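Subject: Structure handover: domains and their interfaces

Hello,

Please read it alongside the notes.

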Amino acid sequence: MGNEVSMGKKITAILMLVVGVLFFVRAMMLDFSGSKADFRGAMLIIGVVLIIAGLYFFPTLRYHRTIINIIFLFPLLFAFLVTVIIPLVLGVSYSFTDWDGIRMNNIVGLANYTKIFSQKDFIWSILITFMFVVFNMILVNLVAFLLALLCTSKLKGMGFFRAAYFLHNLIGGIVLGYIWQFVFSNVVTKITMTLIKDNTSMLENFRTAFFAIIIVYVWQYAGYIMLIYITGLNTVPGDVIEAAAIDGASPMQTLFDIKIPMIAPTITICTFLTLTSAFKQFDVNLALTNGTPSADFMGEYITQGTSMLALNIFQTAVVKDNYPLGQSKAVLFFIILAIVSILQVRISNKKEVEL
Amino acid sequence: MKKKVLALVLATAMVFGLAACGGGSTGSGDSGSASTGSGDASGSVRLLNGKPEIDEQMQALAAKYKEETGNELIVETIGGNTSAGDELKKMYQADNVPDIFVIEANQAANWDGMLADLAGEEWTNKTGFELVNDSMGTIGFPYTVEATALGYNKDILDKAGVDPSTLTSPAAWKEAVEKIDSQKADLGLTAVFGWCAEPADLGWSSGTHVFGQYLDAGLKADDTTYIDLLNDGGQIDTDRMLHFAEFVGMMNQYSDPDLLTTGTYDQQVAGFVDQKYAFITQGNWCVTEDKGFEMGFAPYAFEDGINTIIAGPPSYWVAYKDGNVDGAKAFFNWCAGDSAQDILVNQAGLVSPFDDCKYEATNPFFKSMNEYITAGNYSGWHTMLKKDGLQNETCQVFADYAGGKLDAQGFVDTIAQVIKNYYAE
């Protein structure tokens with residue numbers, strides 16, 4: 001009796017699987033051959049449902065749990081596949097072709113990659129991105145830490161100051177960029193005009209423009225990092241500080257010998273947060289300078305002096321209409337970011353173990 | 001058992017939820033392809049418009065089309081910071097290309113073999129502005145004509161005693177500009193030129209339009225000497241470029257210092273409309289209604305005898321070969337006719353490219369533009385045929401020249417190097 005039931009179940013399950021796969025494959029074939037048949041969508045859905053049902057009823061005890069797990073994970077895996085894995089694979093493969101966004105005519109191998117390294121403006125872009133990252137990592141953390149110290153002191157109206165320092169982080173980068181562009185070219189120039197009779201905007205020369213981006217970025221990001229430092233500083237146990245005070249430690253000694261060592265993990269987190277976000281800098285860069293002004297590099301006139309990696313990729317692909325070149329730059333960018341992220345995870349894990 | 005049932009219910013619910021999402025997108029895809037699939041002229045036609053400022057009038061045009069012919073026109077508008085060319089690539093990948101869409105002349109190569117040949121259509125007899133491509137034939141329908149040169153404020157020139165028709169040589173320009181500059185206070189001017197070389201947001205103005213004067217000023221509309229030279233590996237005529245640079249140098253010198261390197265488009269146009277500048281380096285699109293003074297165009301006469309403005313369609317509507325071509329052709333013929341031109345000219349403020357259009361454009365620059373066009377003194381928009389994105393590079397050289405970092409010769413050398421590198425990419 002029991003044997004018959006499981007036999008029947010087995011047949012149903014296999015039948016469901018077979019019919020499901022058939023439906024699925026047929027619907028996909030129709031889709032790729034450009035068919036306009038209306039039943040395609042329904043066929044695909046029925047196929048998928050049948051496959052899943054077939055898997056569910058598949059009479060196996062050994063793999064049943066695994067199958068159930070996969071079915072439950074399926075929606076998430078599917079979304080991940082569609083939004084991350086497939087674009088990644090497509091993107092990498094496009095970088096080896098001459099795809100123009102419409103058609104692909106030739107596979108060009110590594111030509112795009114050799115080309116990007118012969119472009120001085122791209123090398124320049126990598127250089128200034130690294131420069132920007134270093135400057136920011138130091139400045140954002142420094143400013144944020146000082147603000148955090150200020151906000152954990154016992155001054156009056158601390159709630160207000162915390163909110164005030166954090167508030168501009170809520171404004172989007174594009175809006176910030178345009179606001180600061182106005183500040184630099186309309187407000188600051190008015191002041192310099194009256195003071196030193198010079199109305200050159202900071203955004204007109206490379207050095208000052210680069211500095212301007214850093215100012216805006218620190219202004220935007222320091223408030224956010226400050227919040228993390230405040231949390232870190234609040235976790236320093238009061239009895240330790242009290243003990244230090246009884247032992248006669250000066251405020252400076254308390255800061256350098258007690259507080260900073262105690263919040264070492266926070267410093268690691270903040271450093272990497274600023275590192276990765278500075279690497280990906282795009283919106284402020286786009287809105288504030290859009291890559292201008294010019295710079296001199298290895299005897300060549302670089303038109304896009306402040307165009308950092310992300311902006312350079314965007315401009316190559318969209319503005320210059322060179323998709324494959326932009327794509328190969330993006331692959332390189334991905335590799336750089338992947339290395340940074342792996343380092344980050346490794347180092348923070350190690351620190352956590354130490355504590 | 002209960003647990004199992006629950007698990008099953010949950011699993012199916014999830015699957016159906018997912019399937020519903022998938023089903024939704026396939027559904028809309030189907031409806032999209034259905035409209036392109038019906039090939040007869042009576043079917044609906046989708047048009048991708050690249051000018052957001054005339055979206056409302058385009059909807060009125062669609063309503064009129066429906067009313068007069070019973071055919072449906074669906075207008076979709078792209079613009080602002082999204083470029084139509086980019087959006088079209090997405091639409092192509094999604095198999096959702098509109099039947100009619102907007103392209104600029106140098107984008108035709110991207111669509112090689114995919115656009116319908118419109119040769120022999122009735123409207124082609126009424127205009128000389130259609131876009132003709134070597135491999136695909138007559139592909140572009142001109143929906144507007146735009147002109148760019150040095151726009152002037154006639155009232156101010158009259159008061160200053162300058163006759164714009166004499167501005168056809170560098171010497172005459174120099175004399176006129178100095179004359180106006182000396183009377184700035186009496187005329188209420190801030191500066192002679194409303195010229196802005198700010199590169200980050202206004203690079204299209206210097207890099208495409210002003211640069212276009214180097215390519216075309218003084219040439220007949222079908223003369224492609226300098227654009228051919230440019231597209232042949234990025235070469236320039238250094239003598240002509242130097243003369244052009246000297247002329248731009250004059251504009252730099254007599255422009256408003258607050259506008260020149262840090263200004264915005266709005267600031268530039270507002271200054272011209274408020275009669276603070278005698279000249280503006282834009283085109284007929286910058287002022288579309290009467291502002292209480294007469295306007296006109298003067299040529300960029302950087303060499304003796306240059307007497308042309310640049311006029312022509314900056315972009316075109318094309319018909320997608322795999323779309324509803326018959327429907328598109330029917331629409332184009334109707335669009336070249338009286339009732340459509342009434343809307344485009346009188347409501348949208350466009351300038352008609354068609355000879356038999358009886359409406360006088362409301363655009364304040366139209367009178368001057370029309371004089372140049374009827375006299376044959378107009379050059380082509382060949383600046384639209386330069387390599388895509390070049391304007392982003394050259395605008396920076398204009399900015400450095402305006403900012404005083406380069407002199408005229410330095411401008412020529414730098415722009416030559418920048419162009420050469422860009423074409424080598």
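Chain A is assigned two domains, domain 1 (2-113) and domain 2 (115-354); such bounds come from an automatic or database domain assignment. This is a predicted model, in which local features need pLDDT of at least 70 and side-chain atom pairs count only at pLDDT 80 or more, while totals for chains, interfaces and linings use all residues. Residues are numbered from 1 along each chain as its sequence is written, chains are lettered from A and ligands numbered from 1 in the order in which they are written, and side-chain values use heavy atoms, with hydrogens and water left out.

Chain A

The C-alpha centres of domain 1 of chain A and domain 2 of chain A are 43 Å apart. In contact (heavy atoms within 4.5 Å) are 13 residues from domain 1 of chain A and 11 residues from domain 2 of chain A.

Together these two domains bury about 940 Å², with 66% of that from carbon and sulfur atoms. Buried area here is the accessible area (1.4 Å probe) that two parts lose on being put together, summed over both. On the domain 1 side of chain A, 55% of the buried area comes from Trp99(A), Asn112(A) and Tyr113(A), more than from any other three residues.

Between domain 1 and domain 2 of chain A there are 6 residue pairs in polar contact, both at pLDDT 80 or more. A polar contact is a pair of N or O atoms within 3.5 Å; within protein, one must be able to donate a hydrogen and the other to accept it, and residues adjacent in sequence count only if both atoms are side-chain atoms. The same interface has 0 salt bridges (a side-chain nitrogen of Lys or Arg within 4 Å of a carboxyl oxygen of Asp or Glu).

Chain B

Chain B is split into domain 1 (42-145 + 314-336) and domain 2 (148-312 + 369-424). Their C-alpha centres lie 30 Å apart, and 8 residues of domain 1 of chain B touch 12 residues of domain 2 of chain B.

The area buried between the two domains of chain B is about 790 Å², 62% of it on carbon and sulfur atoms. Asn106(B), Val145(B) and Pro314(B) lose the most area on the domain 1 side of chain B, together 60% of what that side buries. Between domain 1 and domain 2 of chain B, the count is 0 salt bridges and 2 residue pairs in polar contact, both at pLDDT 80 or more.

Regards
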